[in-house]
Amino acid sequence: MTPQCYRLTPTMLCCLILSMLALSCVDGQPPKYKIKPNILGPPLPHKPFVVAWNVASDRCEEKYGVHLDLSDFDIIYNSNKGWRGDAMVIFYADQLGYYPQIDESGNIINGGIPQLSDLNAHLTKAKEDIEKFIPDPDFQGLAVIDWEPWHPLWRRMSWGHLLAYRNLSMHKVAVEHPEWTRDQVIAEAQSEYESAARGFLSFTLELARIVRPNALWGLYLYPDCYNYNKTGDKSTLACTERTLEFNDEIQWVFDKSTGLYPSIYLGEWFKGDQNGIYYVANRVLEAVRVDENRVQSTSIPIYAYHAITYRKEPEFVHLYDLRNSIGVASVLGASGLVIWGDYTIADSVAACQNLSNYISNELGPYVRMTSDYAFHCSVSRCSGKGRCVYSGYPAGTNSLEPSFLNGNDAWNIIKRHGYMTSEIFGDEYQKEMADSGFSIVCQCYEGWTGVSCEKPQ
């Protein structure tokens, strides 16, 4: 029986309905989304929505003797309950090959910029690192590459410390062509930088897929939405047209990925604030959009990164904000979430006990509820061979063109969240949704087709 505190109350319903109003358009034009008829299967059988544990909590049990009840709540985790293991692995810039970067002190590492890096040496070392941290050749878990020092687009390198990469790139060209004008130097530097950055990331992703072909490879924070407005409202928390264009320019990143890992970290300015819904929803939907644009015919899973604490504040995310983040991500097309936390979360007995209590009393029950409803809908509607997806078309048409961005129908987000179950919404809500004429359709796992995913492909 679901605890009363986790039911969707009318207030929660109102919050979710209002989130639709924020998603009705971008720059005045309704975005058009389609969902592919098939998606890669989930990492766990019959678990259409899963949450993975990427918290550095291994010391809780090993050093402090505090048990964390993750398995009780359908949270998948590494056997050591740490950052890397048999269920998921994250690679930081200094842990995979020879990543070129310029540190905050201006020190040049591995060439500093991609056009001065040794790509062959990087790939050789990257292969060794992958085999070291993922020893199982049949590894089927999440494999995340967290490279944040630079972006592959020159135009995204125009502020703060990022300017060091531009300056070094221009210096290289100026030394090679002292007779060129500044405009010529800048144009050539941009061309060289973007070409080298694309080659560096592309070959790294291709190598990773060759070495561990069954892993879900992707870059952390890709795609980004850049909707970080701390004081904005729903109208300013949408991804701008410029951001969509930038992500379109790096579509090759998503084409080479087998998993998408956008971030929905909640800043402390979103604590208890309904605007967190708009922030999260737009970021997840941008991942849905780039997945639809991938050249491959099968969707890849979206696992949104979610910090266990608020940014800039060492406090566990409250239940209200879990609903506004995990709940919204689950209804808008994500296959799951990755819960992240650093070593400060588990640096003492008291910290580990607080973490254990938080898992048992708040995070875990809500994760379990979300996972259970996705599972029940998959089994009852999609033969356990697919997942439920909202459709604005009548039942039986098997159309996979959801209109969940259409502000004229706010019920769709509610409907996907509850999968039409009266246990969440009550009979009065269920009847109103049914009367609207909308339906749930199935997005089938690879190898299955049919209205209910009942037919082998």
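1. The model is predicted, and local features need pLDDT of at least 70, side-chain atom pairs count only at pLDDT 80 or more, while totals for chains, interfaces and linings use all residues. Residues are numbered from 1 along each chain as its sequence is written, and side-chain values use heavy atoms, with hydrogens and water left out.

2. An open sheet is made of three strands in the order S4-S7-S8, with parallel pairing. Strands here are DSSP runs of E with at least two residues, helices are runs of H or I with at least four, and both are numbered from the N terminus; two strands pair if DSSP finds at least two bridges between them. Strand S4 (88-92) and strand S8 (216-219) each have a single partner strand and stand at the edges, so one side of each is left without a neighbour in the sheet. From one strand to the next the twist averages 15°, where axes are lines fitted to C-alpha atoms and angles run from 0 to 180 degrees between N-to-C directions.

3. Within this sheet, S4 and strand S7 (residues 142-146) run parallel and are joined by five bridges. Phe91 stands opposite Ile145 in S7.

4. A disulfide is a covalent bond between the sulfur atoms of two cysteines. Here it is taken as a pair of cysteine sulfur atoms within 2.5 Å, and by this rule there are five disulfides. With the bonded cysteines of the chain numbered in sequence order, the pairing reads 1-4, 2-3, 5-7, 6-8, 9-10.

5. Cys225 and Cys239 both lie in the loop between S8 and helix H6 (241-249), so the pair ties together parts that are 14 residues apart in sequence. The torsion about their S-S bond is about -120°, so the disulfide is left-handed. Both Cys225 and Cys239 are buried, a word that stands for under 20% relative accessible area, with over 50% called exposed and partly exposed in between (1.4 Å probe, protein chains only).

6. Another disulfide links Cys382 and Cys442, S to S 2.1 Å. Cys382 belongs to helix H10 (residues 349-382) and Cys442 to strand S12 (residues 439-445), so the pair ties together parts that are 60 residues apart in sequence. Cys382 counts as buried because its relative accessibility is 0%, and Cys442 counts as buried because its value is 3%.

7. The sulfur atoms of Cys444 and Cys453 are 2.1 Å apart and form a disulfide, which is left-handed with -90° about the S-S bond.

8. The largest pocket holds about 530 Å³ of space. A pocket is found on a 1 Å grid over the protein atoms alone, as an open set of points where a 1.4 Å probe fits, with protein on both sides within 12 Å along at least five of seven lines, and lining residues have an atom within 4 Å of a point. The volume is the space filled by probe spheres set on the points, which are joined across faces, edges and corners. Of the 25 residues that line the largest pocket, Glu148, Leu221, Asp224, Tyr226 and Tyr228 are the closest to its centre.

9. The second largest pocket contains about 290 Å³ of space. Its lining has 16 residues, and Thr309, Pro314, Asp342, Thr344 and Ile345 lie nearest its centre. Strand S10 (336-341) and H10 each supply at least two residues of this lining.
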